[in-house]
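Hi there,

Here is the structure I promised to pass on to you. Have a look at it, and then read on for my notes.

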Amino acid sequence: MSTLNEILKQLVADACTHPPEGAARQRCIQEIYRQVMKSGKLWNENTPYYEDALQETWEYCCQHLEDYDPNLSAVTTWIDHCLKRTLRRWRDRQNREQQRQANPISTDNDTPIDPLDNLAANPGSSQALQMWQTTMTWVQDDPDGKLQQTCFRKRPEINAQVLFLKRFPSETPWQDIADEFNLNPAEAKDLPKFYNRNCRPLLREFGVAQGYLEEKTK
C-alpha cells in the first residue's frame, strides 16, 4: 500500500501544477479517483445517504487538492477523513430533518411550512466526476453501436463495451477475462493488444469529442 500512497501523492502533486479547469489536471483527478476507489480504503457503510456523501466528498477533495499535506497523512487517509466528516454532516442533517417533520413550523394560518424550502441548493459538482459519469454513460449506452461492433476475433460477446466495463474502474485482470470467455493461451495473449489497438482509440476519440482530451498533432 506504500507504493499506492506514493503514486497518489505524485498524482496530487502533478494535478496541483495544472490550472483547475485544465485537461491535464482532470486526467490526474480521474486517475486519483480510480486508484482510490480500486483500493477499497475508504470507509463504507449501509446508509441511504452514503453515496451522496461519497460524491460530495469527492467533489470537495477534487476542488481542494492544494489543501492536502503529504507530511500529515496518506492521500487515502485524507480522503477517508473527509468522507467521515461529510457522513457526520449528513447524519446530523437527517436527524434534524426527522425532528423538523415531527415538529413542523406553521404560519399564522396554521399551514405547515418547510424551512428547507428557503435554503438555496448547493450548486456545482466536480468536473472530473462529471467527466467520469459522462464517459460511463457513453460506454453503457453505446449510442452509435460502435463499441459493440468492435469485436475481438469475430467474438461479438467480447467487444469494446464489455472490455471497458471490465477494465475500469475495477481493472479486472486480463487472465480473469480470458478465463471467463474460455480463450486459449494465444487468444489470451492477444486480447490486451486488441484492447490497446482497437478499443482505447475509441475512448480517446470520445474524450476529444467531449473536449476532455486534446487532439493529437500529426
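A cavity is a set of points on a 1 Å grid over the protein atoms alone where a 1.4 Å probe fits but cannot get out; a pocket is an open set with protein on both sides within 12 Å along at least five of seven lines, and lining residues have an atom within 4 Å of a point. Grid points are joined across faces, edges and corners, and a volume is the space filled by probe spheres set on the points.

Before going further, please note that this is a predicted model, in which local features need pLDDT of at least 70 and side-chain atom pairs count only at pLDDT 80 or more, while totals for chains, interfaces and linings use all residues. Residues are numbered from 1 along each chain as its sequence is written, and side-chain values use heavy atoms, with hydrogens and water left out.

The second largest cavity has a volume of about 30 Å³. Its lining is made up of Ile-29, Ile-32, Trp-58, Cys-61, Cys-62, Leu-65, Trp-78 and Ile-79. By class these are 8 nonpolar, no polar and no charged residues (Ala, Val, Leu, Ile, Met, Phe, Trp, Tyr, Cys and Pro count as nonpolar, Asp, Glu, Lys and Arg as charged, and the others, Gly among them, as polar). Helix α3 (50-63) gives the largest share of this lining, 3 residues (helices are DSSP runs of H or I, at least four residues, numbered from the N terminus).

The largest pocket holds about 700 Å³ of space. Of its 21 lining residues, Gln-30, Glu-31, Phe-168, Arg-200 and Leu-203 are the closest to its centre. The lining divides into 10 nonpolar, 4 polar and 7 charged residues, and α9 supplies the largest share, 8 residues.

Helix α9 (residues 185-210) also packs against α7 (residues 160-167): their axes come within 10 Å and cross at roughly 95° (axes are lines fitted to C-alpha atoms over the stretch in contact, and angles run from 0 to 180 degrees between N-to-C directions). The two helices are therefore roughly perpendicular (65 to 115 degrees). On the α7 side, Ala-160, Leu-163, Phe-164 and Arg-167 are in contact with α9 residues, including Arg-200 and Leu-203 (heavy atoms within 4.5 Å).

Happy exploring!

Conventions
Angles under 35 degrees count as roughly parallel, over 145 as roughly antiparallel, 65 to 115 as roughly perpendicular and the rest as oblique.
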